[in-house]
Amino acid sequence: ANKTSTRLTYISAHLLDELTLLNNKLKLTVGIRLTQAKGFSKEYEAGPASSSDFVLTPRAGINYAFNDFFSVYALYDNSFLPQTGLAYDGSPLKPLQGTNIELGIKKDWNRGAWNTTFSVYNIVRNRLIEHDAVTNKLYQTGESWSKGIELDLRGRIAKGLNIIANYAYTDSKVTKDEQNPKMVGKPTPNRISHIQNTWINYALPLKKLSGFTISAGYQYLAGRAERFSRADMQSLMDLFRVDGGAGYMHSKCSLRVLVNNVLDKKMYNTGWRNRSGDLYYWVQQAPRNYRIAFSLNL
């Protein structure tokens, strides 16, 4: 069997400062991180390989509150994640680096009973790692670009009725790939263009059933890409799953029953073809299943 020995050590220092201006309405956050990383890998077929990196990553944010219930924000952030191990060709894995820009609006409604958040973002990431679950080999792509929007709503919208709902749109694609230029413009691995989740919890308004709640929700995923980037990538089937549950809380104890995949649909989380393209693999979700949780606070 092929054996691999890896070792990764790193030291980092953080510096963060927050400035408050205009009677606490405006907050400025400025930070910096210094990281020194050293990695060593030895694959007995390929021989040893080592790496050393010293990186400075800045972070800056601004938040302005028009009042206690409405604010806007902006964020700029750089990321650095050291890696250890060998790629399929025996070369050491390079660190993952990225840049993120995000703008958002936050609003509380009905005096904070429920709130909404809307944000847009743009992320550039370098050297994404793909893991072939069949051969156990690692591949690194060149550069990917992601942009999208996110919308969240959560809180109590009526007496006894609480809801969590969110929607996310993501456009993510490969923009550079030195190993395979044909990949440029293709979706990034496991990309999901549309994600929409909703979960509702309702407390029964009956004195004799005080403490009983019922819950229901669903998850919808569309525009899904395969697990590995290929020049001939295919879209995966959309996923729609319904869950439900019921609970009871009294004094110091609570009991909750949750049913996942109520419709007992056959769905898969991800799918992919091997590098040669002659075999296809997928990971299937569990059929209808149940979970019971009991808690006691002493």
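Start by selecting Phe 294, which lies in strand 17. Keep in mind that you are looking at a predicted model. Is Phe 294 buried or exposed? It counts as exposed, because its relative accessibility is 57% and the cut-off for exposed is over 50%.

**Around Phe 294**

Together with Phe 294 they make a nonpolar surface patch of about 680 Å². Which strands each supply at least two residues of this patch? They are strand 14 (253–260) and strand 17 (289–296). Strand 17 gives the largest share, three residues.

Stay in strand 17 and click Ser 295, which is found there too. Ser 295 has a relative accessible area of 32%, so it is partly exposed. How far apart are Ser 295 and Thr 20 in space? The C-alpha to C-alpha distance is 42 Å, and 275 residues separate the two in sequence.

**Zoom out**

Show the whole protein as a cartoon. Look for strands: there are 17 of them, and zero helices. The C-alpha trace spans about 70 × 55 × 45 Å along its principal axes. The protein has 298 residues, and 31% of them count as buried.

**A loop stop**

Go to Leu 209. It sits in the loop between strand 11 (192–203) and strand 12 (212–224). With 32% relative accessibility, Leu 209 counts as partly exposed. The C-alpha atoms of Leu 209 and Tyr 248 are 8.9 Å apart, while the residues are 39 apart in sequence.

**Charged pairs**

Side chains of opposite charge can pair when their charged atoms come close. How many salt bridges are counted here? The count is two.

For one, select Arg 59 and Asp 77. Their side chains meet in a salt bridge, with 3.3 Å from N to O. Arg 59 belongs to strand 3 and Asp 77 to strand 4 (residues 70–81), so this pair ties together parts that are 18 residues apart in sequence. Arg 59 is partly exposed, at 37% relative accessible area.

For another, select Arg 241 and Asp 243. They form a salt bridge whose closest N and O atoms are 2.9 Å apart. Is Asp 243 buried or exposed? Asp 243 counts as buried, because its relative accessibility is 10% and buried means under 20%.

**Inside the protein**

The structure holds two cavities of 30 Å³ or more. The largest cavity has about 40 Å³ of space. It is lined by 11 residues; select the ones closest to its centre, which are Ser 41, Ser 51, Thr 84, Gly 85 and Pro 92. Strand 2 (26–43) and strand 3 (47–67) are the elements that give two or more residues to this lining. What classes of residue line the largest cavity? Four are nonpolar, seven are polar and none is charged.

**Last stop: a pocket**

Finish at the second largest pocket, with about 230 Å³ of space. To outline this pocket, select Ala 87, Asp 89, Ser 91, Pro 92, Lys 94, Asn 126, Arg 127, Gln 140, Thr 141, Gly 142, Glu 178 and Gln 179. Then colour the lining by class.

Key:
Residues are numbered from 1 along each chain as its sequence is written. This is a predicted model: local features need pLDDT of at least 70, side-chain atom pairs count only at pLDDT 80 or more; totals for chains, interfaces and linings use all residues. Side-chain values use heavy atoms; hydrogens and water are left out. On a 1 Å grid over the protein atoms alone, a cavity is a set of points where a 1.4 Å probe fits but cannot get out, and a pocket is an open set with protein on both sides within 12 Å along at least five of seven lines; lining residues have an atom within 4 Å of a point. Grid points are joined across faces, edges and corners, and a volume is the space filled by probe spheres set on the points. Helices (H or I, at least four residues) and strands (E, at least two) are DSSP runs, numbered from the N terminus. Ala, Val, Leu, Ile, Met, Phe, Trp, Tyr, Cys and Pro count as nonpolar, Asp, Glu, Lys and Arg as charged, and the others, Gly among them, as polar. Patches are made of residues with over 30% relative accessible area and no salt bridge: like charges are joined within 9 Å, nonpolar side chains (Val, Leu, Ile, Met, Phe, Trp, Tyr) within 5 Å. Accessible areas come from the Shrake-Rupley method with a 1.4 Å probe; for residues, only the protein chains shown count as cover. A salt bridge is a side-chain nitrogen of Lys or Arg within 4 Å of a carboxyl oxygen of Asp or Glu. Buried means under 20% relative accessible area, exposed over 50%, partly exposed in between (1.4 Å probe, protein chains only).
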